[in-house]
Amino acid sequence: MQNPLHWDIRHLYPAEYRAGEWAVQKINEAFLVSLPSGESSSIALHFVNSQFDSGSMNQTIKITQMINDIIGIMTEHFGMVLNQESADFSRFITHLRYFIVRQLNREVLSFKDQQFLYDVLSERYPISFQCALKIKEAMERQRGFVITPDEMVYLMIHIERVTSRTDMD
């Protein structure tokens with residue numbers, strides 16, 4: 001049975017997925033079995049889960065689904081496919097994982113002069129700001145998150161970085 005998040009896991013966690021592929025290959029060789037390639041994504045989820053104090057595999061799956069939802073909002077907003085092979089995209093996914101874990105744990109991110117940065121960035125990057133607002137509204141409505149201006153600052157910076165590079169498809 002194929003993992004329903006196979007595609008998402010493969011693209012959102014490429015390093016962990018490659019480790020899962022390696023593990024499947026080694027298991028197949030060691031035990032003379034033929035596990036389906038989809039097992040790579042299931043193993044990858046275990047690697048992802050072990051990187052974060054996210055609690056359970058169910059929570060890791062929920063985080064993956066939320067990341068996929070956010071990427072969907074961005075893709076629709078910008079009308080482009082994000083380059084999932086870029087270092088900026090990888091950093092963005094890492095940021096999203098920590099962002100979601102903070103939200104699930106009700107941790108508040110706070111830094112000095114956040115309102116100033118929020119105001120400056122929302123004017124400097126209006127398209128990324130509008131995208132961040134869409135993400136904020138969706139996550140607050142669907143997940144009950146409370147997204148502060150501090151979180152919005154980081155979200156805007158990452159959105160701008162991942163969508164403004166010339167190495168996108």
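Modeller: Let's start with a word we will need: a residue is buried under 20% relative accessible area, exposed over 50% and partly exposed in between, using a 1.4 Å probe and protein chains only. This is a predicted model, where local features need pLDDT of at least 70, side-chain atom pairs count only at pLDDT 80 or more, and totals for chains, interfaces and linings use all residues. Residues are numbered from 1 along each chain as its sequence is written, and side-chain values use heavy atoms, with hydrogens and water left out.

Biologist: Thanks! Why does F99 count as buried?

Modeller: F99 has 0% relative accessibility, and the limit for buried is under 20%, so F99 counts as buried.

Biologist: What makes the pair of F99 and F145 edge-to-face?

Modeller: Rings of Phe, Tyr and Trp (its six-membered ring) pair if their centres lie within 6.5 Å; planes under 30 degrees apart are stacked, over 60 edge-to-face and the rest tilted. The ring centres of F99 and F145 are 6.4 Å apart and their planes stand at 85°, so this pair is edge-to-face. F99 is in helix α5 and F145 in the loop between α7 (126-143) and α8 (149-164), so the pair links distant parts of the chain, 46 residues apart. F145 is buried too, with a relative accessible area of 4%.

Biologist: How do you know that Y118 and F129 are edge-to-face?

Modeller: Their ring centres are 5.7 Å apart and their planes are at 80°, so the pair is edge-to-face. Y118 belongs to helix α6 (residues 114-124) and F129 to helix α7, so parts 11 residues apart in sequence are tied together. Both Y118 and F129 are buried.

Biologist: And what makes α4 oblique to α5?

Modeller: Helices here are DSSP runs (H or I, at least four residues), numbered from the N terminus. Axes are lines fitted to C-alpha atoms over the stretch in contact, and angles run from 0 to 180 degrees between N-to-C directions. The axes of α4 (residues 57-78) and α5 (residues 87-104) come within 10 Å and cross at roughly 125°. Under 35 degrees is roughly parallel, over 145 roughly antiparallel, 65 to 115 roughly perpendicular and the rest oblique, so α4 is oblique to α5.

Biologist: Which residues make the contact?

Modeller: With contact meaning heavy atoms within 4.5 Å, they include I63 and M66 of α4 and F92 and F99 of α5.

Biologist: Why does G38 count as buried?

Modeller: G38 lies in the loop between α2 (14-31) and α3 (39-51). Its relative accessibility is 6%, so G38 counts as buried.

Key
Helices (H or I, at least four residues) and strands (E, at least two) are DSSP runs, numbered from the N terminus.
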